[in-house]
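Welcome! Take a moment to look over the sequence and the model, and then let us walk through a few of its parts together.

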Amino acid sequence: MVSRRSRIAPMPRSARFGLVVVLLACLLVGCDGGVEGVAGGSGVRDPYFPKAGNGGYDVTHYGLTLDYEPKSRRLVGEAEIRARAEQDLSAFNLDLKGMDVRSVEVDGEPARFNRSGDHELTVRPRRDLDGGDSFVAVVRYEGVPEVVTDPDGSEEGWLPTEDGALGLGEPTGSMAWFPGNHHPSDKASYDIVVDVPEGLEAVSVGELRKRTVKGGRAVFGWRVSEPVASYVVTVAVGEFEIRRSRAGRLPVYVAVDPDQAADSAEVLDRIPEVMEWAEDYFGPYPFSSTGAIVEREDDAGYALETQNRPVFPGAPGVELLVHELVHQWYGNSVTPKSWRDMWLNEGFATYAEWLWNEDHGGDSAQDVFDALYDGDYFEKEAESDAVWDFPPARPPSAARISDSPVYERGAMVLHKVRQAVGDEVFFGILRGWAAERRHGNADTDDFTAYVEKTAPDEDFSGIWDDWLYGKGRPARP
Ligand code: TRP
Ligand code: ZN
């Protein structure tokens with residue numbers, strides 16, 4: 001019936017409109033032959049970073065080959081991106097900020113591309129991709145990668161250091177040094193090969209598989225098989241003292257700037273102890289190696305939980321070490337679905353610090369909770385008040401996703417759950433949450449549903465309403 005009528009029927013209004021849209025799309029991106037698939041989206045509509053990530057495909061693996069020259073700060077890169085089309089695609093976007101793109105190939109054939117906006121690289125394969133197809137995009141690019149200033153004023157991207165460079169990517173800095181689907185919702189495995197002048201080290205995520213020195217260059221091959229969100233991918237190039245050891249079954253790889261070696265030796269020796277402690281609380285470590293990268297204080301402005309081995313600006317205290325290592329469970333293995341769910345990272349990592357102190361002769365978590373509630377925790381009144389600026393699950397803007405309500409008040413939400421269910425059930429929740437969402441993504445609703453499922457007789461609505469979503473300081477119970 002459809003075919004019979006459609007032949008003679010006049011074109012309906014909606015179809016005429018569709019044709020106009022297609023013609024307009026052709027004017028914008030160019031059409032050769034019929035357009036079957038549509039272009040993948042230029043963002044995944046993150047509430048804070050709407051243009052981060054891209055629609056229409058899912059990356060499974062990145063193969064990055066990076067040649068870096070610290071003197072000129074020039075990076076020559078090749079990114080092999082293995083992905084699966086989630087719909088028919090006539091074009092798809094990658095995120096890349098700055099850098100010159102030399103060529104793009106899709107499945108071995110040259111593809112057309114163009115740059116637009118702040119960081120959109122649109123790739124138009126010679127042949128449309130069918131939904132479900134796996135494809136390989138190879139991007140050759142070079143340039144001096146940018147330092148990116150975050151909405152909150154901190155610096156990320158590719159930071160030149162005294163003797164090399166450091167890639168920091170939270171929330172969107174990784175797009176300064178490799179093209180990709182730069183949103184936490186699309187995790188992938190990585191092979192990262194870094195070619196640097198002989199005498200320098202290149203440290204990255206996962207495990208070092210290959211190291212060769214030849215003709216004045218040193219080449220390092222790193223591989224990580226578990227899923228990684230691109231914001232916790234790093235490369236650190238520079239002079240480092242390398243120490244390898246073990247934490248139980250896990251290899252430990254520590255890279256320390258020689259300036260920081262003396263000050264950080266003692267705390268870094270505690271990595272096995274912290275790992276064992278953390279596994280007792282949070283369950284089996286989700287990755288296959290651990291460690292740390294210690295930069296000079298003025299080379300990295302803050303610590304970041306880069307996968308397998310967090311980055312520290314100078315020797316960390318043990319609490320900061322605990323914080324960043326526990327992010328491997330909460331943040332790197334269980335990764336937020338969007339940047340609005342940051343408290344699932346920071347609230348948990350902060351609560352881990354409280355637990356560490358509670359177990360090591362310091363204040364109990366209850367003490368810290370009370371001090372925060374009473375405004376006695378921070379020295380400055382403004383900082384004490386700032387804890388109540390906004391609800392942890394609803395930061396008001398991108399500039400505030402790393403503020404105190406996300407960290408301290410996020411941890412207070414967990415403490416309220418602990419008070420409601422008692423230690424045994426609470427520690428089961430922490431552990432079970434890490435197990436249930438291992439190597440995946442989650443949002444706040446997933447967490448509250450998980451808590452409710454685990455303790456079905458308890459009513460958590462007051463905690464969620466007041467502590468997670470409510471404005472201002474909740475009333476004293
Ligand atoms: N995640 C880091 C930590 O707590 C801090 C951080 C660095 C951060 N950059 C950020 C938090 C950007 C939010 C957004 O260890
Ligand atoms: Zn953190």
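## A helix and its neighbours

In this predicted model, the buried residues of helix α10 are Phe426, Phe427, Ile429, Leu430, Gly432, Trp433 and Ala434. Here, buried means under 20% relative accessible area, with exposed being over 50% and partly exposed in between (1.4 Å probe, protein chains only). Helices (H or I, at least four residues) and strands (E, at least two) are DSSP runs, numbered from the N terminus.

What do the buried residues of α10 pack against? Their partners are α4 (271-282), β22, α6, α9 (404-421), β23 (440-442) and α11 (444-454), where contact means heavy atoms within 4.5 Å. Helix α10 itself covers residues 423-436 and reaches 19 Å from its first C-alpha to its last, close to the 20 Å expected at 1.5 Å a residue; that expected span is 1.5 Å times one less than the number of residues.

## The zinc site

The zinc ion (ligand 2) has three residues as its protein donors: His323 (NE2), His327 (NE2) and Glu346 (OE), at 1.9 to 2.0 Å. Donors are N, O and S atoms within 2.8 Å of the metal (3.2 Å for Na, K and Ca), and sites may look incomplete because water is not among the atoms. In sequence these donor residues follow the spacing H-x3-H-x18-E. His327 sits in the loop between α5 (318-326) and β22 (334-336), while Glu346 belongs to helix α6 (residues 343-359), so this pair ties together parts 19 residues apart in sequence. Both His327 and Glu346 are buried.

## Helix α6

With 14 of its 17 residues buried, α6 is largely enclosed by the rest of the structure. From first C-alpha to last, α6 reaches 23 Å, close to the 24 Å expected at 1.5 Å a residue. Just after α6 comes Gly361, with a positive phi of about 80°.

## The whole chain

Stepping back, the chain has twelve helices and 23 strands. Its C-alpha atoms fill a box of roughly 80 × 65 × 40 Å along the principal axes, and buried residues make up 56% of the 477 residues.

## Reading the numbers

Residues are numbered from 1 along each chain as its sequence is written, and chains are lettered from A and ligands numbered from 1 in the order in which they are written. In this predicted model local features need pLDDT of at least 70 and side-chain atom pairs count only at pLDDT 80 or more, while totals for chains, interfaces and linings use all residues; side-chain values use heavy atoms, leaving out hydrogens and water.
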